[in-house]
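This briefing covers aromatic rings and the charged groups placed over them. The notes are grouped by topic.

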Amino acid sequence: MIKKLLIANRGEIALRIIRACKELGIKTVAVYSEADRYSLHTKFADEAVCIGPASSKESYLHIPSIISAAEVTNADAIHPGYGFLSEKADFVNICNEHEITFVGPSADAISRMGNKSVAKDTMKAAGVPVVPGSDGILKGIEDGKKVASKIGYPVLLKAVSGGGGKGMRIVENESEFENAYKTASNEASVSFNDPDLYLEKLVIGSRHIEIQIMGDKFGNVIHLNERECSIQRRHQKLIEEAPSPVLSQKLRDEMGKVSVEGGKAVNYVGPGTIEYLVDKDMNFYFMEMNTRIQVEHPVTEESLAIDLIKEQIRVASGLKLELKEKKPIYHSIECRINAEDPEHGFRPTPGEITSLHFPGGRGIRVDSHVYQGYKVPPFYDSMIAKLITFAPTREEAIAKMRRALDEMVIEGIKTTIPFHRWMMDNEDFISGNIDTKYLERHNWMELRD
Ligand code: MV4
């Protein structure tokens with residue numbers, strides 16, 4: 001079993017991992033940038049090492065500093081959390097060379113799923129439904145036009161090294177193709193240092209539903225049902241829930257089964273997520289696989305009464321999967337509380353939290369690293385808390401969320417609390433009538449009151 005774990009991350013996820021380690025009897029090492037000296041993860045860990053200046057590139061993304069911190073503290077494992085180094089295959093190889101356990105999947109699984117075209121081919125071969133499109137990367141404009149006219153417009157050009165919505169371009173008809181191809185490929189070169197594109201049919205009016213899987217080092221892979229993540233803004237999720245309000249048990253079983261096959265195809269170890277587009281007729285299509293623990297993992301935990309981080313650490317240590325597949329027990333909803341002003345285009349609002357009160361009572365969970373007097377730094381992600389509710393039914397989980405948002409006080413900076421409070425009274429949200437373009441079609445400021 002891992003004895004001492006270094007957490008190569010910050011904020012709420014660093015704290016979440018430290019809490020799991022304390023319950024498992026594992027010693028913890030926090031790393032922090034100069035901007036995070038007073039962050040809670042540095043106080044709650046057994047040891048804390050400063051790894052550089054505020055800039056992520058020189059701290060949380062700087063591999064030599066993190067490996068050095070692990071060596072001087074004798075940590076035998078590193079947990080990357082989400083973001084930062086969590087999906088960098090090179091980092092996994094470097095950990096291995098230093099005989100440090102990387103808490104996550106193999107470098108091979110990460111790099112195969114990081115190339116979106118290879119990921120799609122791998123999933124297709126494993127029996128996962130994919131959107132009709134090009135067979136791998138496009139050879140050029142003429143090749144692209146041929147594929148597009150065969151599958152029919154509108155199509156979507158996607159960067160092979162993209163993901164999370166970056167480097168995509170809709171093409172409505174053949175006359176737009178050449179320009180769209182050139183712009184998309186140029187953007188992909190600049191952003192990902194890789195001009196390669198692939199193409200698929202544009203799926204419209206769809207939901208984003210993802211399946212949580214979990215694997216161990218003995219080849220066992222299970223699924224832990226779905227999360228509905230359709231409430232997004234510019235590819236940033238705002239609200240997630242489990243189970244989805246629209247999935248039948250039959251479809252859940254089917255999506256779970258194929259996702260397990262997908263995981264097995266890459267010998268997947270630890271928690272991973274397979275993202276799907278689900279259209280109006282409930283056809284589902286593979287989008288991409290995230291080879292890390294995700295922000296929204298608590299809704300799966302509270303829906304099933306399990307601990308994904310503890311299980312992740314157990315399987316990384318070489319223990320067999322203990323979790324079992326099961327049906328949802330509760331309905332759980334997560335609202336991301338960001339240091340952003342929802343009344344002014346969700347612009348970031350760093351600064352000091354002058355007054356703070358978190359809600360409590362049955363069925364409420366708050367994962368957060370902030371406290372009264374904490375200064376939200378301007379350098380990192382704006383998420384400052386995750387407010388999670390869980391109850392036997394969706395209606396009760398929504399009622400709890402309304403009550404929890406009303407109790408929650410964060411003063412000194414603007415937050416997304418008013419947006420969430422409005423959403424919890426929104427008829428479309430309440431009836432589950434949502435898709436990924438909901439917030440683009442509806443301006444919440446105009447719909448208010
Ligand atoms: C799509 C799509 C429609 N058709 N692919 C966005 C992020 C990346 N994971 C893939 N994405 C999409 N791929 C086809 N063939 C629409 C999206 C998409 C989207 C997906 C999930 C959640 C929000 C979204 C917002 C815009 C576009």
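In this predicted model, K320 lies over the face of F218, 5.1 Å from the ring centre. Aromatic pairs number 12.

**Edge-to-face pair**
- Y276 and F284 make an edge-to-face aromatic pair, with 5.4 Å between the centres and 85 degrees between the planes.
- The angle of 85 degrees gives this label because planes over 60 degrees apart count as edge-to-face.
- Y276 has a relative accessible area of 0% and is therefore buried.
- F284 is also buried, at 7% relative accessibility.
- Both values fall in the buried class because the cut-off is under 20% relative accessible area.

**Tilted pair**
- Y330 and F390 pair in a tilted arrangement, 6.1 Å centre to centre with 55 degrees between the planes.
- Y330 belongs to the loop between α11 (308–316) and β14 (331–338), while F390 is in strand β21 (residues 383–391).
- The pair therefore ties together parts that are 60 residues apart in sequence.
- Y330 is partly exposed, with a relative accessibility of 32%.
- This value gives that class because partly exposed lies between the buried limit of 20% and the exposed limit of 50%.

**Aromatic cluster**
- One aromatic cluster is formed by Y60, F84, F379 and Y380.

Notes
Residues are numbered from 1 along each chain as its sequence is written. This is a predicted model: local features need pLDDT of at least 70, side-chain atom pairs count only at pLDDT 80 or more; totals for chains, interfaces and linings use all residues. Side-chain values use heavy atoms; hydrogens and water are left out. Rings of Phe, Tyr and Trp (its six-membered ring) pair if their centres lie within 6.5 Å; planes under 30 degrees apart count as stacked, over 60 as edge-to-face and the rest as tilted. Buried means under 20% relative accessible area, exposed over 50%, partly exposed in between (1.4 Å probe, protein chains only). Helices (H or I, at least four residues) and strands (E, at least two) are DSSP runs, numbered from the N terminus. A charge sits over a ring if NZ of Lys or CZ of Arg is within 6 Å of the ring centre and within 35 degrees of the ring normal.
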